[in-house]
Protein chains: 2
Amino acid sequence: MEQAAEQGGGLVSSTVGAITRLIREQDLMPGDRLPSEATLARDLQVSRTVVREAFRSLAAMRIIELSTGRRATVAPIDHGAMSLIIEHGVHTDQISIQQIYDVRRTIETRIVTLAALRRTEDEARIITDEAAAMRASLTRPEVLMRHDLAFHMALARASKNPVFGLIVGAFQGITSQTWPIGWRSRTTTEAREAMIVNHERIAAAIAEGDPERAVAAMALHFDESVRALISAGLT
Amino acid sequence: MEQAAEQGGGLVSSTVGAITRLIREQDLMPGDRLPSEATLARDLQVSRTVVREAFRSLAAMRIIELSTGRRATVAPIDHGAMSLIIEHGVHTDQISIQQIYDVRRTIETRIVTLAALRRTEDEARIITDEAAAMRASLTRPEVLMRHDLAFHMALARASKNPVFGLIVGAFQGITSQTWPIGWRSRTTTEAREAMIVNHERIAAAIAEGDPERAVAAMALHFDESVRALISAGLT
DNA sequence: ACTCCAAAGCTGTAATACAGGTTGGCATTC
DNA sequence: GAATGCCAACCTGTATTACAGCTTTGGAGT
């Protein structure tokens with residue numbers, strides 16, 4: 001499928017393909033070092049300029065990591081690039097916030113089912129702690145938001161499927177930009193309390209290993225969140 | 001020289017940030033043209049080299065499109081970059097094929113529900129046609145696979161939520177690499193027939209606007225597919 | 001108005017230069 | 001022999017110049 005991408009006709013595109021192939025053929029794992037720019041330029045018969053631009057492309061997708069003076073290394077999977085792609089889609093009106101929430105609901109409903117069944121004791125504690133930290137930071141929205149995001153990432157991790165983490169992470173960029181809107185629309189103490197309670201309920205269900213209750217609590221959470229966003233006049 | 005709080009200290013990273021900000025602030029939409037490399041280099045006080053590498057980064061994520069002689073343009077959302085990210089995760093053993101299928105099942109189960117409710121007549125016809133095309137190409141695996149992939153993309157489109165299309169598309173790169181394995185493991189006529197029938201059942205349920213039957217058919221489809229991959233010895 | 005073409009503008013690639021960070025090995029010391 | 005400190009080689013980040021080839025633009029001619 002990267003054949004299509006590297007067919008662009010440019011030297012850079014085909015160099016990206018060559019480097020990708022090199023990673024696969026040599027079975028390089030995250031952390032392994034790639035050849036230097038000069039070496040690749042010589043081996044592939046292109047200028048260092050071309051190799052550098054190819055490296056930048058791969059680094060943008062977090063397939064490799066670059067840092068000054070050091071060789072490029074193969075990167076661990078990371079949702080940073082996906083996050084930017086989603087943000088771009090939203091900012092150019094190709095994706096709405098509601099559509100993001102529809103997908104999140106689908107994904108996270110499945111996540112809590114798996115998390116309830118597979119979470120370790122440690123993970124259950126982390127999830128519970130994040131919910132508690134949310135309650136403790138009711139007066140500091142930025143801190144509260146950070147714990148909210150961390151809560152959902154912890155759930156994804158407990159599902160034991162890294163792809164869920166990737167997708168949840170991909171939405172965090174845009175979510176962190178819209179979260180304050182939802183928060184400000186919760187004007188009453190009750191509304192804010194309800195949001196916290198939903199998270200605590202989810203955490204409790206995960207801790208008890210009860211998938212049905214976890215799903216039900218997550219559904220309530222999304223109902224409440226979407227209601228908050230709509231009442232703020234979002235799409 | 002602006003030191004954006006964005007990424008690591010590099011000039012390229014902050015230039016990427018500056019260009020992204022420019023797209024947002026000027027509210028550029030897909031197809032709109034960006035300033036030339038030389039203009040940006042002058043405005044941002046960096047060399048053309050830096051601007052080019054920033055452009056490459058954004059192009060890798062399909063946030064902008066580059067082509068010779070022409071100005072860079074803002075790009076429509078596209079799953080190409082995500083596809084490469086997923087492939088990288090699988091090739092470096094950070095993601096397993098089974099995990100991909102778990103996520104696909106979750107996503108596509110939701111997709112068929114929405115598709116059954118929201119599909120237009122045209123979309124219903126396209127979906128049915130792709131299923132028919134699959135049956136018609138039983139002896140040509142490459143063609144059959146193409147229609148299989150197109151079938152699932154058509155379902156995603158009918159869900160009327162572009163994010164589902166993005167995710168399904170993100171999996172197509174790696175799917176097209178593993179599909180032949182599953183196909184070869186279906187050695188009997190019955191097994192191959194069963195696979196086609198599952199697709200036809202899904203198409204029929206969508207055409208009739210019956211979400212429950214569509215979900216049930218999709219579940220059968222995934223049960224059968226995963227069984228085929230496991231019998232082929234895949235993780 | 002319309003067509004066609006040449007000039008101007010733009011991107012793709014190469015080559016060179018140098019500053020500053022990193023690495024590995026060597027010498028020194030304990 | 002092990003730990004430490006230091007230096008030279010290597011590597012990446014950025015700037016600059018040059019030129020080929022493609023695209024767009026604006027004007028000349030009809």
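Predicted model: local features only at pLDDT ≥ 70, side-chain atom pairs only at ≥ 80, totals over all residues.
Chain A is divided by the domain assignment into domain 1, covering 2–74, and domain 2, covering 80–231. Taken over C-alpha atoms, the centres of domain 1 of chain A and domain 2 of chain A are 36 Å apart.

In general, two copies of a chain are related by a rotation about an axis and a shift along it. Here, chain A is superposed on chain B by a rotation of 180 degrees with 0.0 Å of shift along the axis, at an RMSD of 0.0 Å. This is the relation of a two-fold axis. Within chain A, the C-alpha nearest the axis belongs to Ser57(A) and lies 2.5 Å from it. Of the interface residues of chain A, 94% are also interface residues in chain B, so the copies meet through the same surface.

Among the atoms of DNA strand C that come within 4 Å of the protein, 72% belong to sugar and phosphate. The residues of the surface near DNA strand C comprise 4 nonpolar, 9 polar and 8 charged. At least two residues of this surface are supplied by each of three helices: helix 2 (11–25) of chain A, helix 4 (48–60) of chain A and helix 3 (48–60) of chain B.

Individual polar contacts to DNA strand C involve residues of both chains. In chain A, a backbone N or O atom of Leu11(A) is placed 2.6 Å from a phosphate oxygen of DNA strand C. In chain B, a polar side-chain atom of Arg52(B) is found 2.7 Å from a phosphate oxygen of DNA strand C.

Positive phi values occur at two residues in loops. Asp27(A), which is not a glycine, has a positive phi of about 55 degrees. Asp27(A) is located in the loop between helix 2 and helix 3 (37–44) of chain A. In chain B, Gln45(B) is likewise a residue other than glycine with a positive phi, near 60 degrees. The loop that holds Gln45(B) runs between helix 2 (37–44) and helix 3 of chain B. Gln45(B) has a relative accessibility of 59% and therefore counts as exposed, the cut-off for exposed being over 50%.

Note on methods. Residues numbered from 1 in each chain as written. Chains lettered and ligands numbered in written order. Heavy atoms only, no water. Domains from an automatic or database assignment. Least-squares fit on C-alpha atoms with pLDDT ≥ 70 in both. Contact = heavy atoms within 4.5 Å. Near = heavy atom within 4 Å. Polar contact = N/O pair within 3.5 Å; in protein donor to acceptor, adjacent residues only side chain to side chain. Helix = DSSP H or I, 4+ residues; strand = E, 2+ residues; numbered from the N terminus. Nonpolar A, V, L, I, M, F, W, Y, C, P; charged D, E, K, R; others polar. Buried < 20%, exposed > 50% of the residue type's maximum accessible area, 1.4 Å probe, protein only.
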